Amino acid sequence: MRAAATLASFGMLAGCQCFWPQPGTEQSEPDAVAETESALSCPAVTKAEAWVNRMPSIGSEPTKMIVMLRVDSKDSWFLTPLDMPAAQGLILDLRPGGSAVPGTVGYRQMAPAPLPAKISILCRGSEVATIDDVMIVQ
């Protein structure tokens, strides 16, 4: 009985013709992130500030530097560090996407020593904001 069921299943599978796409014959869809990045223009930055949080907390949590922006946009944006040499500064790239609340953009990293003298915010290669003072919150 089992042998008959196995043979019947095998016969059904053998009769099935599956068509798999051949590599390189189909056009790939455009990258959704690249399409979004090209569609959105850089938002106006209405407020830019940075601080180091040295407030006492429970446990020994490392000190973080926080950068916050307010932008004139109904879309979500995020900041990512650029790996470019900057004399005593930090360069962040503003990009569309991420999980931020529209209108606010945040970035956190371990507090560097020494603190950057300047934080430049770039969007599509152009500077859209500069922070010249990193506050210390104690």
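Which residue does a disulfide join to C42? The partner is C123, with the two sulfur atoms 2.0 Å apart. The structure is a predicted model, in which local features need pLDDT of at least 70 and side-chain atom pairs count only at pLDDT 80 or more, while totals for chains, interfaces and linings use all residues. Residues are numbered from 1 along each chain as its sequence is written, and side-chain values use heavy atoms, with hydrogens and water left out.

Of the 138 residues, 22% are buried; buried means under 20% relative accessible area, exposed over 50%, and partly exposed in between (1.4 Å probe, protein chains only). The accessible surface comes to about 10,000 Å², and carbon and sulfur atoms hold 56% of that area; areas come from the Shrake-Rupley method with a 1.4 Å probe, and for residues only the protein chains shown count as cover. Among contacts (heavy atoms within 4.5 Å) with a separation of 6 or more, 64% are between residues 24 or more positions apart.

Now to the strands. Four of them form an open sheet in the order β3-β4-β6-β7, with mixed pairing; two strands pair if DSSP finds at least two bridges between them. The edges are β3 (77–81) and β7 (126–131), and each has a single partner strand, so one side of each is left without a neighbour in the sheet. On average, neighbouring strands of this sheet are turned by 30° against each other, direction ignored, with axes being lines fitted to C-alpha atoms and angles running from 0 to 180 degrees between N-to-C directions. Within the sheet order, β4 (residues 89–96) and β6 (residues 118–123) pair in the parallel sense over five bridges. L90 stands opposite I119 in β6.

Strand β6 also leads back to the opening question. A search of the whole structure finds one disulfide, defined as a pair of cysteine sulfur atoms within 2.5 Å. C42 lies in the loop between α2 (32–39) and β1 (44–53), whereas C123 is in strand β6, so the pair ties together parts that are 81 residues apart in sequence. The torsion about the S-S bond of C42 and C123 is about -90°, and the disulfide is therefore left-handed.

How values were computed: Helices (H or I, at least four residues) and strands (E, at least two) are DSSP runs, numbered from the N terminus.
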